[in-house]
Amino acid sequence: MSIRLLTLITLLGCVSVAKAQMQAQPQDDKGHLSGDVEVDATWFDRDTLIGTSTTQYLHEKSSTEGWFTLNYLISGWSFTARYDMYNNSALLDPTIAYTGQGLGFYQIDKKIDKWEFTAGDFYDQFGSGILFRAWQNRYLGLDYAVQGVRVQYTPDDSLMIKGFAGQQKDRFTVWPQVMKGLNAEKIWGIGNVGMLTGAGFLNRTLDQATMNQLANEINSLPYSQRFIPMYNMYAGTAYNTLNYKGFSWYTEYAQKSREAVFITDDNNNQQLENLPGHVFYTGASYSFYGFGLNVQYKSISTFIMKTTPYATILDGIMDYLPPLSKQETTRLPSLYSVSAQSQGENGIQAEVTYAIDKRNNFDFNVSYIKQPDNTILYREYYAEYNKIVSKNVKMEMGVQSLIYNYAVYEGHPGDVVHTITPFFEMSIRLGQPHKIAEGTAENKVPLQKSIRFELQYLSTKQDSGSFAYALVEYNLAPKWSFAVSDMYNIIPQHAADQKLNYYSTFISYTEKQTRFTIGYAKQVAGVICTGGVCRVEPAFSGIRASIGTNF
């Protein structure tokens, strides 16, 4: 009998226990059932001009992913189960076609007075997540849930203590390494100064197979580079948030013990070394009367937190290191996005916002990140102006200037990229909302017509050269949305290169809580980032469709 089947039987047994408890209580608590469903499908259309050459274009031709989550709450009990499906999927690794399905997440949680007990899979973090963060992003194919047991004690509103033990999920199995953690937070203050102070501890123990592999590899090194690997890695963090009126200041320091880690050199070669690590992060913000200032500083030294040194790229990550860059949402300004470099970086970011009045505001951002040897990784100057022209018209314009270390962030040789990107956006609300289909059950839903334009131009002499981008989006909110766009390689890096179009079309329809989308797109190869987590993806050409709902 499989572990997942045993888990499902256990989950059903716990539901029976909860039901028995409910029957012993007043019958006004019948519980609450909720959930969500999402199914994504992709059809791959090979385009040799933009370099679509992964296996899906050559063999599988299509892929499907699906998630079905159920939550049931009753009498202090909480039950969650999620079914995951991947058919010929490029989501988990864009270079392969992965197929697998089964119980992707399950959890039993019980609150008893000041205690909370969790068994199964869970997401959590200590402080900002620098030491430990268990989270997911299904659109990047990432799921760092921990499978194990967690206990939390909250004696009052000012104190929280929690601990856990378990193993990190690896799709439908778990990594063999064991993790244990402890976290405590206290809210306190002095006069008008409020504080939240916390500390965390994490221990990860290697399994015997990984230790044997490490020992064999270390013994193959030159004698002067050999070391004794450790089964256990220990790490700790201390953090504090100070609030006073419009001022807030966050500080955190984390350190880990020596362990075997792979260090990548300038030629993208990896060397096994025995190193400790640390992170110092601090950020302060201040706001008053339309003015806002946010400043952050971060220093990282070999703070590589993985379940095993042999976990590749985004696999097995146990923490979250926040990037010091503005999180862009528009196409060309986000083309060269970055993630924090756990091997080592020092950086600073400052952002100033200023609202002249309710109709006019400015946003200025500066980011500068370098390696410990002072090699520049990233530098951004960003300025944006937002204007409410009238009740129905809004516009945004600005410019971004970047320096981007292509070789470090994308993992293969390339010149440092220098860009200048002006951008413009305008949104126009067209008339007053009107009702649809008079005489139908839907005629109470007003449709608001609007149109939105985006124009961007990225100028660079490196990488693939300069691009122009245009988008037109028409909305009949809250039902329909239509968009068409084109990203045009207007000045390729080499004069002999062909000027390519990366165009896309998109349609979405929303009916109550259900949303359906479909679109055809061509996407340039490069870095894709969500929430500061990035990965390099190959070019894409094809149709994507999705349907999602919740209940």
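Student: Which residues does Thr52 touch, not counting residues up to four places away in sequence?

Tutor: This is a predicted model. In it, Thr52 touches Asp45, Arg46, Asp47, Tyr57, Ala539, Phe540 and Ser541. Thr52 sits in the loop between strand E1 (32–44) and helix H2 (55–60).

Student: Why is Thr52 called buried?

Tutor: Its relative accessible area is 1%. Buried means under 20%. Therefore Thr52 counts as buried.

Student: Why is the pair Lys256 and Glu259 called a salt bridge?

Tutor: Their closest N and O atoms are 2.8 Å apart. The limit is within 4 Å, from a side-chain nitrogen of Lys or Arg to a carboxyl oxygen of Asp or Glu, so the pair qualifies. Both Lys256 and Glu259 are buried. Lys256 is also among the contacts of Met305.

Student: What makes Lys298 and Glu345 a tie between separate parts of the sequence?

Tutor: Lys298 lies in strand E18 (residues 291–301) and Glu345 in strand E19 (residues 344–355), so the pair ties together parts 47 residues apart in sequence. Their closest N and O atoms are 3.1 Å apart. Both residues are buried.

Student: Which residues are linked in a network of salt bridges?

Tutor: Arg82, Asp84, Asp143 and Lys169. Within it, Asp84 and Arg82 have their closest N and O atoms 2.7 Å apart. The whole structure has 16 salt bridges.

Definitions and conventions
Residues are numbered from 1 along each chain as its sequence is written. This is a predicted model: local features need pLDDT of at least 70, side-chain atom pairs count only at pLDDT 80 or more; totals for chains, interfaces and linings use all residues. Side-chain values use heavy atoms; hydrogens and water are left out. Helices (H or I, at least four residues) and strands (E, at least two) are DSSP runs, numbered from the N terminus. Buried means under 20% relative accessible area, exposed over 50%, partly exposed in between (1.4 Å probe, protein chains only). Contact means heavy atoms within 4.5 Å.
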